[in-house]
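Dear colleague,

Please find below the structure that I am handing over to you, with its sequence. My notes on what was found in it follow.

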Amino acid sequence: MYRIIFLLVVSFGLQACRGNDKVVGAWEVNDVYRSTIISTNPSDGGKIYQGPPINTMDAANTYEMFSLRAEQTNQGAKTYELLVLLTYFSPWRYYESANLLNKPASTFKVVSREAGVCEQQGCVYKELMAIQVTDTFLREHLDKGFQVTISSKTGVSSDLFVPAQYIKGYLQAVDGPKN
């Protein structure tokens, strides 16, 4: 009897953890708003808006950490990018492209690649990428969020979902208080 209950509890727990949660509570809008860091750009005196990271793990045992980042010039022009850090234990994957909503992202760039500590299970590899997005793109996806697929030369890909509540809270921080 206890074994059956234990198996049911474990199976429900595994069912709940099987993928990225696309349903995010409304309270998270406020959390993202409060967690967005606003700093001064040392090179030109403009502003930098760094959103809090979203952390997930995919089926290929890739630790995924991603967030939105914006830079605002002194003249008020803003540029946005999605920063993606993928960490894994296998040979280099060499991520090389991204699809936004199943369409190739034209502004994909690899920012850095790093090989870390090596142990019995292999070495830790990290690849940091940036995908430029527009203000219009973010505002068009305020209600449903959007999915990004990052693909590597070795055929491994990671699907990332940026929830609508994250975008709403982030844009509230970037736009500032409304009077």
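A residue is called buried when its relative accessible area is under 20%. By that cut-off, 5 of the 7 residues of strand 10 (residues 146–152) are buried, so this strand is largely enclosed by the rest of the structure. Please bear in mind throughout that the model is predicted.

Strand 10 and its partners

Strand 10 pairs with strand 6 (residues 95–100) in the antiparallel sense, over 5 bridges. Within this pairing, Ser 97 stands opposite Ser 151 of strand 10. Strand 10 is also joined to strand 11 (residues 157–162); these two run antiparallel, with 6 bridges between them. Here Phe 146 faces Val 162 of strand 11, the two standing opposite each other. Strand 10 and strand 11 form a hairpin with 4 residues between the strands, in which Gly 155 takes a positive phi near 95 degrees.

Which residues does Tyr 170 contact, leaving aside its neighbours within four places in sequence? They are Val 32, Thr 36, Tyr 49, Gln 50, Gly 51, Leu 68, Arg 69, Ala 70 and Tyr 80.

Glu 81

Glu 81 lies in strand 5 (residues 78–88). With a relative accessible area of 18%, Glu 81 counts as buried, because this value is under 20%. Apart from neighbours within four places in sequence, Glu 81 is in contact with Ser 67, Leu 68, Arg 69, Lys 109, Ala 130, Ile 131, Gln 132 and Val 133. Leu 68 and Arg 69 are also among the contacts of Tyr 170.

The disulfide

The count of disulfides comes to 1. A disulfide is a covalent bond between the sulfur atoms of two cysteines. In this model the bond joins Cys 118 to Cys 123, with an S to S distance of 1.8 Å. The link of Cys 118 and Cys 123 is right-handed, with 100 degrees about the S-S bond. Cys 123 is buried, its relative accessible area being 18%.

With kind regards

Conventions:
Residues are numbered from 1 along each chain as its sequence is written. This is a predicted model: local features need pLDDT of at least 70, side-chain atom pairs count only at pLDDT 80 or more; totals for chains, interfaces and linings use all residues. Side-chain values use heavy atoms; hydrogens and water are left out. Buried means under 20% relative accessible area, exposed over 50%, partly exposed in between (1.4 Å probe, protein chains only). Contact means heavy atoms within 4.5 Å. Two strands pair if DSSP finds at least two bridges between them. A disulfide is a pair of cysteine sulfur atoms within 2.5 Å.
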